[in-house]
Amino acid sequence: MTDYKQEQEMEIEALEAILMDEFKEIHSGESGLSTSNRCFQIKVVAQDDDEDGPITNPAQLALIFSHTETYPDEPPLLNLKSLQGISAEDLRILKEKLQQEASENLGMAMIYTLVTSAKEWLADRFSQDDVGSTEAEEAAKDDVVIPHGEPVTVETFLAWRERFEAELALELAKLMPESVLTAPKEKKLSGRQWFESGRVKGVAAVAEESDVEDEEDIDFDEDDFEDDEEEDMLEHYLAEKSDLSTHSSMRAS
């Protein structure tokens with residue numbers, strides 16, 4: 001006749017020697033098991049591949065068991081509790097797995113085998129989360145837009161500003177009547193004076209009616225003429241235009 005009690009005591013002694021502080025006896029009332037027999041709790045932590053390195057996975061659970069009357073010829077009573085970072089659904093899945101393994105190991109002491117299986121399951125389960133987060137980080141890096149083109153420097157900005165101001169002066173000159181462009185220099189209005197006279201509005205209206213291509217009007221704020229540099233550029237353009245008109249008149253006469 002098999003002495004189940006003796007086998008059970010031997011297994012408990014072996015577990016205490018191997019697991020040490022991770023193994024302890026608890027009261028049956030806190031085990032969650034329907035039994036008055038002795039109950040034990042084993043702390044299970046996910047096993048990292050690098051045992052000497054820091055633990056990167058904080059998931060921990062308590063594997064609680066109690067020997068039945070005829071253990072190991074029948075499975076032990078099992079219960080799982082989360083100590084840190086494990087959901088109820090994960091506990092349910094793992095418990096079913098351990099119960100299945102217990103039924104496959106009948107006739108031999110199996111508690112340490114179940115503990116090892118639980119550690120491996122935790123490592124696999126939560127390493128998947130680590131891989132997923134790593135992949136998400138890599139995907140986020142791929143989504144980073146690397147700017148292309150010429151970087152903006154003080155020199156490139158000043159060059160652009162010079163071109164812009166020249167185009168602005170040219171567009172304003174297009175709105176001026178020919179009489180303004182050909183007037184003697186002493187009677188010629190500056191860009192600021194011509195703008196403030198209010199004539200630009202009337203000229204703009206005429207230009208809009210006569211524009212065969214139906215182009216949009218160009219609106220100018222007074223701030224566009226507050227810069228002395230812009231006004232100088234406009235007067236320079238008007239002076240050149242006036243000189244051309246004078247030469248043309250002389251040739252015609």
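**Close-up views of a predicted model**

**View 1. The buried side of helix H1.** In H1, the residues Gln8, Glu11, Ile12, Leu15 and Leu19 are buried. They share the same side of H1 because they span an arc of only 100° around the axis. A handy reminder: an α-helix has 3.6 residues a turn, so residues three or four places apart point the same way.

**View 2. Helix H1 from end to end.** H1 covers residues 4-19, 16 residues in total. Its first and last C-alpha atoms lie 22 Å apart, close to the 22 Å expected at 1.5 Å a residue. Just after H1 comes Met20, with a positive phi of about 55°.

**View 3. The largest nonpolar core.** This core holds 28 residues, and Leu61, Leu63 and Phe65 have the most contacts inside it. At least two core residues come from each of H1, strand E2 (39-45), strand E3 (60-66), strand E4 (77-84), helix H2 (88-104) and helix H3 (111-142). H3 gives the largest share, seven residues.

**View 4. The surroundings of Leu61.** Setting aside neighbours within four places in sequence, the contacts of Leu61 include Ile42, Val44, Leu80, Leu83, Ile86, Leu91, Leu94 and Leu122. Lys43, Lys81 and Ser82 are also in contact with Leu61.

**View 5. Stepping back to the protein chain.** Eight helices and four strands make up its elements, in the order α-β-β-β-β-α-α-α-α-α-α-α from the N terminus. Of its 253 residues, 32% are buried.

Notes. Residues numbered from 1 in each chain as written. Predicted model: local features only at pLDDT ≥ 70, side-chain atom pairs only at ≥ 80, totals over all residues. Heavy atoms only, no water. Expected span 1.5 Å × (residues − 1). Buried < 20%, exposed > 50% of the residue type's maximum accessible area, 1.4 Å probe, protein only. Arc of directions from axis to C-beta. Core = buried A, V, L, I, M, F, W, Y, C linked by side-chain atoms within 4.5 Å. Contact = heavy atoms within 4.5 Å.
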